[in-house]
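Hi,

Here is the model I said I would pass on. Have a look at it first, and my notes follow below.

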Amino acid sequence: MKKIAVVGAGSWGTALAMVLADNEHEVQLWARRSEQVVEINEKHSNSKYLPGITLPKNIIAFNDLNLALKNVDTIVLVVPTKAIREMVQEMIHVLTSPVTIIHASKGIEPGTHKRVSEMIEEEFQHSDLLQDVVVLSGPSHAEEVSLRQPTTVTVSSKRHEASERAQDLFINNHFRVYTNSDLVGVEIGGALKNSIALVCGLTNGLGLGDNTKAAIMTRGLAEIARMGIKLGANPLTFAGLSGLGDLIVTCTSIHSRNYRAGKMIGEGKSLDQVLESMGMVVEGIRTTKAAHELALKWQVDMPIISSLYAVLFEGLSPKEATKQLMGRGKKHEVEQLSLDFFHMNDPEMK
């Protein structure tokens, strides 16, 4: 069994620490707040993020990053995407040997349009301390993982060997892990589904029903795939766990912060009011800005994302956004770009 550091003691970081601890690894969990560290070590709980859950005793918490990363060659990084660069810089200052980083954060950086793995690699570019970057993604609410309910996720890396090592660390009878070679698709699917979940919540807040939600999820998936394919992803990834699977769970559950935030916006609350009320990061808001910028940059048609951007940042009312989406010109459902990809990659179709 291995000694593994988990950096980030929110709900998802703590739940992943529990999976590793269940697999008999020694988990060194880093938290920034000293009172949280005391609670985890003395009461074996993290009540702010996972109320009512008892943590395994082989999870030891630290707020000293140097101690949390001591004698590990694998770090599970679970912090908001806006904190990725700062956190990696802090880690570089205390690391003494190369590590593999498994990140479980979902987002795209506005301005640079970098995926999380690209942000990590960029921060490590002037050191020799990074061995591999692996992404862990898929339909997985921390609340349910902490209850050891059956969950399936996928891991992806540039090197298949790194993906398999991550798979071996996490897989058990209640947390099933698949590998996927499409790093771009896995990260794009995981990031953009948060924006679509915001829209699904927003329609709920407007009092709209299942027909609307199904439409948003289906056409939202088309937008995610359209952008992913443009960036080099495999279309089949978006039919898998980090695409359709993650989209379903995030767009339909009260556990989803993005869904809850969208619902409040649909009910008439301002973005500032929503963020203050949530008290936690809503990744889809920041990702929507980046996705809108990407759509303009690559001239990718993303009407749902564009409408959400206008609601969040330009003052468009949710009702008017809905009216504009439904009033668009006629379209054909099956997209030629996807068909071209399959023809290019299926020998029988050439």
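Let me start in a loop: Glu24 is found between H1 and S2 (helices, H or I and at least four residues, and strands, E and at least two, are DSSP runs numbered from the N terminus). Its phi is near 70 degrees, a positive value in a residue other than glycine. At 59% relative accessibility, Glu24 counts as exposed (buried means under 20% relative accessible area, exposed over 50%, partly exposed in between, with a 1.4 Å probe and protein chains only).

Some housekeeping before the rest. This is a predicted model, where local features need pLDDT of at least 70 and side-chain atom pairs count only at pLDDT 80 or more, while totals for chains, interfaces and linings use all residues. Residues are numbered from 1 along each chain as its sequence is written, and side-chain values use heavy atoms, with hydrogens and water left out.

You will find Arg148 in the loop between H6 and strand S7 (151-157), and at 35% relative accessibility it counts as partly exposed. For background, most residues other than glycine have a negative phi.

Setting aside neighbours within four places in sequence, Asp22 is in contact with Pro56, Arg148, Asn172 and His174 (contact means heavy atoms within 4.5 Å). Asp22 counts as partly exposed, at 29% relative accessibility. Between Asp22 and Leu55 there are 33 residues of sequence separation and 9.8 Å in space, C-alpha to C-alpha.

The sheet

How are the strands ordered? The open sheet has 8 of them, running S3-S2-S1-S4-S5-S6-S7-S8 with mixed pairing (two strands pair if DSSP finds at least two bridges between them). Strand S3 (59-62) and strand S8 (175-179) are at the edges with a single partner strand each, so one side of each has no neighbour in the sheet. From one strand to the next the twist averages 25 degrees (axes are lines fitted to C-alpha atoms, for helices over the stretch in contact, and angles run from 0 to 180 degrees between N-to-C directions).

S4 (residues 74-77) runs parallel to S1 (residues 3-7), joined by 3 bridges. Val6 has Val76 as its bridge partner in S4, and Val7 has Leu77. S4 and S5 are parallel too, with 4 bridges, and Thr74 stands opposite Thr100 in S5. In a regular strand the side chains alternate between the two faces of the sheet. In S4, Thr74 and Val76 point one way, Ile75 and Leu77 point the other way, and all are buried.

Helix H5 (residues 116-123) lies across S4, S5 and strand S6 (130-137), at about 160 degrees to S6.

The pockets

The largest pocket holds about 1,200 Å³ of space. On the method: on a 1 Å grid over the protein atoms alone, a pocket is an open set of points where a 1.4 Å probe fits, with protein on both sides within 12 Å along at least five of seven lines, and lining residues have an atom within 4 Å of a point. Grid points are joined across faces, edges and corners, and a volume is the space filled by probe spheres set on the points.

There are 42 lining residues in the largest pocket, and Gly10, Ser11, Trp12, Pro80 and Arg257 lie nearest its centre. Helices that each supply at least two lining residues include H1 (11-22), H4 (84-94) and H11 (257-266). The lining splits into 16 nonpolar, 14 polar and 12 charged residues (Ala, Val, Leu, Ile, Met, Phe, Trp, Tyr, Cys and Pro count as nonpolar, Asp, Glu, Lys and Arg as charged, and the others, Gly among them, as polar).

As for H11 itself, 7 of its 10 residues are buried, so it is largely enclosed by the rest of the structure. Tyr259, Met264 and Ile265 are among the buried ones. Just after H11, Gly268 takes a positive phi of about 115 degrees.

The second largest pocket has a volume of about 710 Å³. Its lining has 27 residues, with Arg219, Pro303, Ile304, Leu325 and Arg328 closest to the centre. H9 gives the most to that lining, with 6 residues. By class, the lining divides into 13 nonpolar, 6 polar and 8 charged.

Cheers
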